[in-house]
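I opened a new page for this chain. These are my notes on what I looked up.

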Amino acid sequence: MALIDIKVPQLSESVAEATLLTWKKKPGEAVAQDEILIEIETDKVVLEVPSPAAGVMAQIVKNDGASVISDEVIARIDTEAAAQTSPMAVAPVAAAAPAAPPAAAAAAPASSAVSMPAAAKIMAEQGVNPADVTGSGRGGRITKGDAMQAAAAPGPQAVPTSAPKPTAAAAAGMPPLTIPALQPVEADLDLAAYTDRPEQRVPMSRLRARIAERLLQSQATNAILTTFNEVNMKPVMDLRNLYKDKFEKQHGVKLGFMSFFVRAAVHALRKFPLLNASIDGNDVVYHGYFDIGIAVGSPRGLVVPILRNADQMSFADIEKAIADFGAKARDGKLTIEELTGGTFSISNGGVFGSMLSTPIINPPQSAILGIHATKDRPVVEDGQIVIRPMNYLAMSYDHRLIDGREAVLGLVAMKEALEDPARLLLDL
C-alpha cells in the first residue's frame, strides 16, 4: 500500500479557514490523476482539489461541510490498490438500495443530483429510484415533471416496502445541510407541493456569510448617500450598432455597453479624484490608478472581480475581461487575486430588469455606480416630446469623504460622456 495525502491548497493570508463542499469520490472508488476530488469554498472563491496521482480513494479524513485550514490533510489515496479488489469498494448506500445484478449496478452509479421537494415526494410514493431519473432542472436537479414522467414510464420499478417511514426531511427531498452551492430559487420550485409546511435550515456558505458581513460593515461605517441622473443612451446605441460587426470581427468579442460605462466612469474619476479615493483611519488615500470592480452574479452569490488599470484598457480589452469574469464566476474559477482590491465599483442591475436602486458601497471604496435597464421613455428635446432610450444612473457615495458637489458633478460627467462618446476619445 502506497498512500498519498490529499491536502488543502495554500490559502491566502486574508483567508483563515475554508469549508469542504461535496466529495466527488467515495472510499474504494478509482481516481484518475488530476481528477477533481472536491471543491473547497473560502469567503472569496471556490478552489478545486485535483488528485496528484491515479489510484483508489483509501480514506476520507474530513467529511463534507468540515472547516479546514491550509495544508490540512483531508483524504488519502492508495496508488497501488485497484478499485475492484479494494475491501472498501462497497458503496455505503448499497444496503439502502434495492438489490441489483452486478452488471446493472456498475452501469448505473448512484445519482448525485439534488431532488426538488415535490419530486422527491412523488418518487418516494411511486417507488422510483432517483438514480434512474435524469434531472432537467438547473444544475441537474430533478424537478416534479421529471419525477412524474419517470413514474409514468413503463418498465421495472422499485416496489415500496414496509421499511421504516423516512424522516420529514428525507420525505421532503431535502439535500444534506452541506450543499455544494447556494442555488437561486427559480420557477421549478413547486410551492404547491408544500402541503405539510416543511422547512429546511442550511448554513450560509462562506461566500454568502462574507457578503453579509461586508454589507453590514458598509452600512455601519459609511455615511451612504445616493445621487441620481438619467442618460440618453441613443448616441452609444447608434455608435455600437454602427461598429459592432466590425468590432467583433476584429477583436473576437462582442461590443457591449459595459465598456462604455467603464470608460465613462474612469473619465469622471480623473476629473474628481475623491470618487476614486478611500478613507484609512484619519487619512484620505488618493489612488493614482483606476481599478474598477465589476459586480457579477454567480450561483454562489455576488462577486466583484477587478479590472486592473482600467484607464489603460481599450474597449476590446474591457469587453474580453468582463466576458472572462462572467465565465469564471459561473464556473467558480475566479481567483482571490481577481477579487481583491478595487478603487471604484460598477453594478449593473439592468441585466435583471432593475429600473432603479441604491447600490451599497464596497468597502474600503468610497463610491459605486449603479446602472439600470434602458427603456424607451418620452423626454423633452428643444421643446418637443420625443422617445429616447433612457437609463437611470445611481451613484452611492460616502458622505464622510465626498460632498454632494463632487458626487453630482461626477455623475454628470459620466452622463455627458455617454451622451457624447467622442468625449471619451478626446478626454473632454
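How many of the 428 residues of the protein chain count as buried? I found that 40% do, with buried meaning under 20% relative accessible area (1.4 Å probe, protein chains only).

I noted the source: this is a predicted model, in which local features need pLDDT of at least 70 and side-chain atom pairs count only at pLDDT 80 or more, while totals for chains, interfaces and linings use all residues. Residues are numbered from 1 along each chain as its sequence is written, and side-chain values use heavy atoms, with hydrogens and water left out.

I looked up the secondary structure and read 10 helices and 19 strands for the protein chain; these are DSSP runs, helices (H or I) of at least four residues and strands (E) of at least two, numbered from the N terminus.

Four strands form it in the order β1-β8-β6-β3, with antiparallel pairing; two strands pair if DSSP finds at least two bridges between them. Strands β6 (residues 55–60) and β8 (residues 73–78) pair over four bridges. Isoleucine 60 stands opposite alanine 75 in β8.

I then checked two helices. In α7, Met258, Ser259, Phe260, Val262 and Arg263 meet Phe315, Ile318, Glu319 and Ile322 in α8, where contact means heavy atoms within 4.5 Å.

Terms used:
Buried < 20%, exposed > 50% of the residue type's maximum accessible area, 1.4 Å probe, protein only.
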